[in-house]
Amino acid sequence: MTLAIVLAAGAPAAGLPTDSGQRLADRLATQWRAAGARDVRFAADLGELAALVDDARGPVIVSGADLVAHTAVLRHLATSPVGPTVALVLTDPPGSGRTAVREERGQVVDAGPPTQLDGAATGIFGGAVRVGAGDLPTLAAAARAAATGLAGVGPAAGPAVDRLFAGLTALGTLTFAHRVRLLVAHRVDDAAGLAAANAAVAAVDEDRAELRLSVKEKDDFFTTYFVSTWSPYVTKACARLGLGPTTVTMISVAFAAAAALLFATGDRPALVLGGVLLYLGFVLDCVDGQLARYTRHFSAWGGWLDTMADRAKEYLVYAGLGYGATAAGVEYGWALAIAAMTLQTVRHMTDAWYGVLHDEAARRPKTVGGGGGGIGDKLNAASTRVQADTGSVSYWLKRTVVFPIGERWALIALATALFSPRVALLAVLVWGTLAFAYTGALRTLRARWMWVPVLDTVDATLHRDDGPLAARLPVLRPVGPLTLAVLGALGSAGLLVAALVTGSAGLRWVVPAVLLVLLLAGLGAGAAHNGPLDWLVPAALRAGEYLFAIAVGVVAGAPAWLVFGYVFVLTLHHYDLVARLEKRQAAPPLHGGTLGWEGRSALLTVAAIAGIASIGLATLGVYLLVGFFASVVLAWVVRPAHATRPAAGPLAVGSRPPG
């Protein structure tokens with residue numbers, strides 16, 4: 001239940017009459033009800049507001065009484081999926097006593113009088129903030145501190161809602177910024193300002209603006225020019241038909257699966273049709289997110305499902321390409337598919353953790369890590385300039401060179417339709433490798449500048465995917481967890497190269513020795529992950545485990561499709577962890593039964609020694625797949641409350657809407 005509190009103190013415009021004859025404060029209360037608030041209260045002062053917050057059990061919206069806006073703006077703030085606490089941020093000029101804000105990566109990192117921000121302000125507090133249930137004690141404390149004029153918490157004068165928000169920020173609350181785009185929102189001081197704001201609101205078609213807002217403000221080149229130009233019409237049609245985002249997601253999966261089957265057949269008409277279906281499937285992949293934003297139907301389940309479906313669709317397509325290439329006589333068709341899936345997964349792991357690193361760095365003082373104009377600082381400044389130059393050649397090059405999902409699907413569709421599955425897989429591998437090298441080099445330099453120990457602020461054991469064996473290994477602190485993880489991955493890579501070059505003869509008995517090298521990564525499990533590059537540890541562990549499993553399959557002569565299937569199941573397990581990190585979810589209910597990367601590798605080693613590696617891959621893969629689906633049922637059906645509990649600690653990163 002969401003409570004909205006309208007705080008009129010310090011806002012002379014609150015009592016101004018509107019066109020309907022209501023006071024501005026009363027009209028705003030009516031709008032909050034229309035925006036979804038179940039209960040709307042008025043607070044005469046900050047002390048009364050603190051008492052109302054003390055009794056609240058769910059999210060609370062606090063609004064000044066001088067806000068003139070489309071109801072859609074209020075609804076978007078109330079339903080924003082980016083975080084539990086979200087503030088409205090405007091570009092209005094600073095008014096009397098208004099609080100200015102400074103944002104980085106969508107987060108409010110400072111708030112106070114414009115003079116306090118010393119020219120670094122990026123906007124003005126819009127007079128409304130939604131506060132998550134976990135931040136309510138801080139909200140009440142900020143209200144009482146601002147009411148008593150406690151030094152150091154908020155400005156001494158101005159509208160009460162501004163003093164409250166400055167105090168909330170000063171107390172360290174993680175707040176995300178909600179910017180107004182296409183719609184209208186203004187804070188007013190007098191009758192002339194109210195009349196001008198009302199006219200601006202009336203001049204905008206609210207529904208048409210909401211449909212345009214369903215498209216991401218900044219997307220990749222292919223999506224922007226070849227999908228989003230017409231996908232809103234599909235979004236509107238889906239809304240009229242009553243389809244939900246989850247339904248559209250599943251239709252998108254069906255299109256991708258059909259494309260994969262057509263790619264597997266190998267003849268030209270099927271390849272062309274498969275390319276068309278893949279494109280349409282990607283359009284629907286964008287539509288599910290647009291539909292969620294247009295209808296404001298967000299859920300933790302929908303966000304998780306979108307993340308998982310995106311990867312499952314892509315890897316099903318790789319499977320179809322691998323099968324099709326093999327059927328066309330390419331001896332290494334499945335190998336290309338396995339390589340593409342492994343590369344893409346490791347890339348995604350670095351993407352996820354670098355995003356967490358950057359979000360956390362934005363919340364920390366800039367003196368952390370000694371920024372001081374080093375190469376990382378300069379690269380960060382250059383990247384910010386390029387991202388701000390929206391639509392320029394450099395902007396689009398930067399967004400395209402990293403090989404985002406739209407460009408990947410477009411490349412696969414075109415290369416397969418015009419050439420062959422083999423060419424498509426080779427193209428994905430070449431561009432993916434170049435993109436990985438480019439982003440990896442730049443991020444490494446920038447990360448050394450940020451120096452944020454992100455794995456020390458979360459459950460490192462969970463996100464490393466350590467099992468009981470790693471937990472019992474001694475800790476080799478002087479070497480560092482990243483070095484140990486990389487050494488383990490290199491051992492796996494060495495075994496794979498040896499198997500591919502020399503064949504499997506005699507290598508079965510080398511597998512246990514390579515397992516010992518891989519287990520070096522476990523010696524860092526209990527160490528502090530506070531190095532500037534330790535955000536790479538999860539990706540290194542994924543690479544080590546995947547390469548080891550592939551090498552065991554090659555040494556044992558297991559069918560390539562079976563190796564692909566086993567690694568595919570591993571990716572589902574690891575993407576589940578990443579999706580839960582991004583959506584601030586708890587660990588999967590049955591995570592303890594997944595054995596950890598080292599436990600699974602040890603079982604495969606035993607199977608290889610026993611000469612039953614294929615049986616081991618199949619059995620362990622089925623076991624993990626059953627456990628994965630059982631966890632999904634337990635988390636989202638049997639115990640949905642378990643899945644909506646926010647993760648502890650300051651690293652609860654922002655959730656992104658699907659698509």
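**Close-up views of a predicted model**

The count comes to three cavities of 30 Å³ or more. This is a predicted model, in which local features need pLDDT of at least 70, side-chain atom pairs count only at pLDDT 80 or more, and totals for chains, interfaces and linings use all residues. Residues are numbered from 1 along each chain as its sequence is written, and side-chain values use heavy atoms, with hydrogens and water left out.

View 1. A cavity is a set of points, on a 1 Å grid over the protein atoms alone, where a 1.4 Å probe fits but cannot get out. Grid points are joined across faces, edges and corners, and the volume is the space filled by probe spheres set on the points. Lining residues have an atom within 4 Å of a point. Here they are M349, W353, H463, R542, H574, L577 and V578. Helices α13 (333-362) and α23 (560-582) each supply at least two of the lining residues. Which helix gives the most to this lining? It is α23, with three residues. Helices (H or I, at least four residues) and strands (E, at least two) are DSSP runs, numbered from the N terminus.

View 2. Strand β1 spans residues 3-7, and five of its five residues are buried. Buried means under 20% relative accessible area, exposed means over 50%, and partly exposed lies in between (1.4 Å probe, protein chains only). L3, I5 and L7 point one way from β1. A4 and V6 point the other way. Residues on both sides are buried. Strand β2 (residues 39-43) runs parallel to β1, and five bridges join the two. Two strands pair if DSSP finds at least two bridges between them.

View 3. Strand β6 (residues 100-104) and strand β7 (residues 107-112) run antiparallel and are joined by five bridges. E103 stands opposite V108 in β7. The hairpin of β6 and β7 has two residues between the strands. In this hairpin, R105 takes a positive phi near 50 degrees. Strand β8 (residues 123-131) also runs antiparallel to β6, with two bridges between them. A100 stands opposite I124 in β8.

**View 4. A salt bridge between D220 and R399.** The structure holds 23 salt bridges. In each, a side-chain nitrogen of Lys or Arg lies within 4 Å of a carboxyl oxygen of Asp or Glu. D220 forms one with R399, the closest N and O atoms being 3.4 Å apart. D220 lies in the loop between α7 (206-213) and α8, and R399 lies in helix α15 (residues 393-401), so the pair ties together parts that are 179 residues apart in sequence. Are these two residues buried or exposed? D220 counts as buried because its relative accessibility is 11%. R399 also counts as buried, at 18%.

View 5. D310 pairs with K313, the closest N and O atoms being 3.7 Å apart. The two residues lie three apart in helix α12 (residues 300-327), about one turn of the helix. Both D310 and K313 are buried. R311 pairs with E314, and here the closest N and O atoms are 3.3 Å apart. R311 and E314 are likewise three residues apart in α12, about one turn of the helix. R311 has a relative accessibility of 9% and therefore counts as buried. E314 counts as buried at 0%.

**View 6. A salt-bridge network.** Five residues are shown. Salt bridges link D66, R98, D162, R187 and D189 in a network.

View 7. F221, Y225 and F226 make a nonpolar surface patch of about 300 Å². Patches are made of residues with over 30% relative accessible area and no salt bridge; like charges are joined within 9 Å, and nonpolar side chains (Val, Leu, Ile, Met, Phe, Trp, Tyr) within 5 Å. Accessible areas come from the Shrake-Rupley method with a 1.4 Å probe; for residues, only the protein chains shown count as cover. F226 is found in helix α8 (residues 221-226). F226 counts as partly exposed because its relative accessibility is 43%.

**View 8. V82 and A362.** V82 sits in the loop between α3 (71-79) and β5 (86-90). With a relative accessible area of 25%, V82 is partly exposed. V82 and A362 are 280 residues apart in sequence and 16 Å apart in space, C-alpha to C-alpha.

Conventions. On a 1 Å grid over the protein atoms alone, a cavity is a set of points where a 1.4 Å probe fits but cannot get out, and a pocket is an open set with protein on both sides within 12 Å along at least five of seven lines; lining residues have an atom within 4 Å of a point.
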